[in-house]
Amino acid sequence: MVQQPSLLVNPTEPSEEDEKLRLIPQDDEDQGINLGSVDCMLAFTSIFIFVWRRGRVSRRGICLVGLCESGKTLIFSQLIYKKAVESFTSMKENVGVLDIASKGALKLIDVPGHERVRQRFFDNYKNTARGIVFVLDSFTLNKDVRDVAEYLYTVLSDPVVSSNRPQVLILCNKQDHALAKGPQVIQSILEKEMNVLRNTQTNQLEAVAEGGNKKSFYLGQEGKNFEFADIRSLRIEFAAASAQTADLENLKKWLQLVA
Ligand SMILES: Nc1nc2c(ncn2[C@@H]2O[C@H](COP(=O)(O)OP(=O)(O)OP(=O)(O)O)[C@@H](O)[C@H]2O)c(=O)[nH]1
Ligand SMILES: [Mg+2]
């Protein structure tokens with residue numbers, strides 16, 4: 001027969017076991033720790049959400065990035081000065097303020113596309129980016145596809161971008177050109193090129209640092225071909241535009257939503 005613990009048999013006369021239990025009031029203490037840790041977690045979560053939301057709300061930058069000659073400065077002048085301004089290869093950024101109806105002001109930054117300076121300027125502004133507009137020339141894409149994909153890969157896999165998660169618009173500019181490719185075709189061309197690039201980059205990284213931090217450079221899903229939709233941390237959209245003919249309606253709609 002199983003003997004009942006004395007604690008239950010006679011609660012008025014404490015047994016040796018009871019004394020031990022009293023000396024170590026486990027239940028109370030556990031409760032205290034649990035409640036305390038729940039409070040701590042709640043406080044921590046509230047602070048985290050507060051800081052995160054503040055960070056998001058305070059980021060009002062829209063970075064225009066892309067290769068040289070893709071049309072960033074023309075887009076910038078159409079949006080800020082409401083007219084086409086003749087432009088030359090930019091070697092420094094242009095910054096202007098865009099007022100978005102009922103949403104407040106956005107800071108538009110035209111980041112020069114020149115290979116030697118673009119990273120430095122992007123580094124200066126990427127932390128303020130609420131949105132990134134990657135501008136490409138829809139007519140010369142076939143010729144420039146490797147460079148476009150490389151730059152796009154660099155921007156999308158940037159650690160600050162991955163952590164701040166700005167919205168991304170891939171703007172297929174120069175649609176006024178008769179032989180320009182449309183956004184859907186461009187998306188599939190870029191996906192193929194990004195796939196090749198990802199394999200090469202992954203192999204290079206693995207060669208350089210075995211067991212290194214390869215994941216931070218890896219975009220999309222492992223084990224399948226690259227697709228923009230698989231970059232879960234970022235919302236990436238494609239749209240058509242022509243800065244030359246001031247057809248920037250898709251960009252304006254996107255800005256309205258992002259602001
Ligand atoms: N046909 C056509 N030409 C355009 C369009 N957008 C820009 N361009 C022309 O493309 C050339 C380059 O435009 P920019 O705006 O200076 O290019 P960018 O991207 O600022 O180039 P960088 O400053 O070198 O990075 C200019 O001659 C523009 O007039 C467009 O939508 N259609
Ligand atoms: Mg420019």
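The following questions and answers go through a predicted model of a protein with one ligand shell described.

Trainee: How many helices and strands does the protein have?
Mentor: The model is predicted. Of its 259 residues, 28% count as buried. The secondary structure comes to 9 helices and 6 strands.

Trainee: What share of the contacts with a separation of 6 or more comes from residues 24 or more positions apart?
Mentor: The contacts concerned are those with a separation of 6 or more. Within that set, residues 24 or more positions apart account for 69%.

Trainee: Is strand β1 largely enclosed or open, and how many of its residues are buried?
Mentor: Strand β1 covers residues 61-65. It is largely enclosed by the rest of the structure, because the buried residues number 4 of the 5.

Trainee: Which residue is the bridge partner of C63 in β3?
Mentor: β1 pairs with strand β3, residues 104-110, in the parallel sense over 4 bridges. Within β3, the partner of C63 is I109.

Trainee: How many bridges join β4 to β5?
Mentor: The two strands run parallel. One facing pair is D137 and N173, the latter in β5. The number of bridges joining β4 to β5 is 7.

Trainee: Which residue of β6 is the bridge partner of L171?
Mentor: β5 is largely enclosed by the rest of the structure, since 6 of its 7 residues are buried. It runs parallel to β6, joined by 5 bridges. The partner of L171 in β6 is A239.

Trainee: Which residues is V133 in contact with, leaving aside neighbours within four places in sequence?
Mentor: With its sequence neighbours within four places left aside, its contacts are I62, L64, L169, L171 and L251.

Trainee: Why do the buried residues of α9 line one face of the helix?
Mentor: In α9, residues 249-258, the buried residues include L251, W254 and L255. Seen down the helix axis, the buried residues line one face because they fall within an arc of 100 degrees. An α-helix has 3.6 residues a turn, so residues three or four places apart point the same way. On the other side of α9, the exposed residues are E249, K253 and Q256.

Trainee: What do the buried residues of α9 pack against?
Mentor: L251, W254 and L255 are buried in this helix. The elements that the buried residues of α9 pack against are β1, β2, β3, β4, β5 and β6.

Trainee: Which residues are exposed on the other side of α5?
Mentor: Helix α5, residues 118-125, has R118, F121 and F122 as its buried residues. They are on the same side of α5, because they cover an arc of only 100 degrees around the axis. What covers them includes β1. Exposed on the other side are R120 and D123.

Trainee: Is V111 buried or exposed?
Mentor: V111 is in the loop between β3 and α5. Among the residues it touches, not counting those up to four places away in sequence, are C63, L64, F121 and F122. The C-beta neighbours of V111 inside 10 Å number 29, so it counts as buried.

Trainee: How far apart are the C-alpha atoms of V111 and K92?
Mentor: Along the chain the two residues are 19 residues apart. The separation of their C-alpha atoms is 7.2 Å.

Trainee: How exposed is E150, and what count of C-beta atoms goes with it?
Mentor: E150 lies in helix α6. It is partly exposed, and the count of other C-beta atoms within 10 Å is 16.

Trainee: Which helix gives the most to the shell around ligand 1?
Mentor: The ligand is surrounded by 21 residues, of which G71, T73, S90, G113 and Q244 are the closest. The shell divides into 4 nonpolar, 13 polar and 4 charged residues. The helix that gives the most, with 3 residues, spans residues 72-80 and is α4.

Terms used
Residues are numbered from 1 along each chain as its sequence is written. Chains are lettered from A and ligands numbered from 1 in the order in which they are written. This is a predicted model: local features need pLDDT of at least 70, side-chain atom pairs count only at pLDDT 80 or more; totals for chains, interfaces and linings use all residues. A residue is buried if 20 or more other C-beta atoms lie within 10 Å of its own, exposed if 12 or fewer, and partly exposed in between; C-beta atoms are placed from the backbone. Two strands pair if DSSP finds at least two bridges between them. A residue is near a molecule or strand if its C-beta atom, placed from the backbone, lies within 6 Å of it. Ala, Val, Leu, Ile, Met, Phe, Trp, Tyr, Cys and Pro count as nonpolar, Asp, Glu, Lys and Arg as charged, and the others, Gly among them, as polar. The arc is that of the directions from the helix axis to the C-beta atoms. Two residues are in contact if their C-beta atoms, placed from the backbone, lie within 7 Å.
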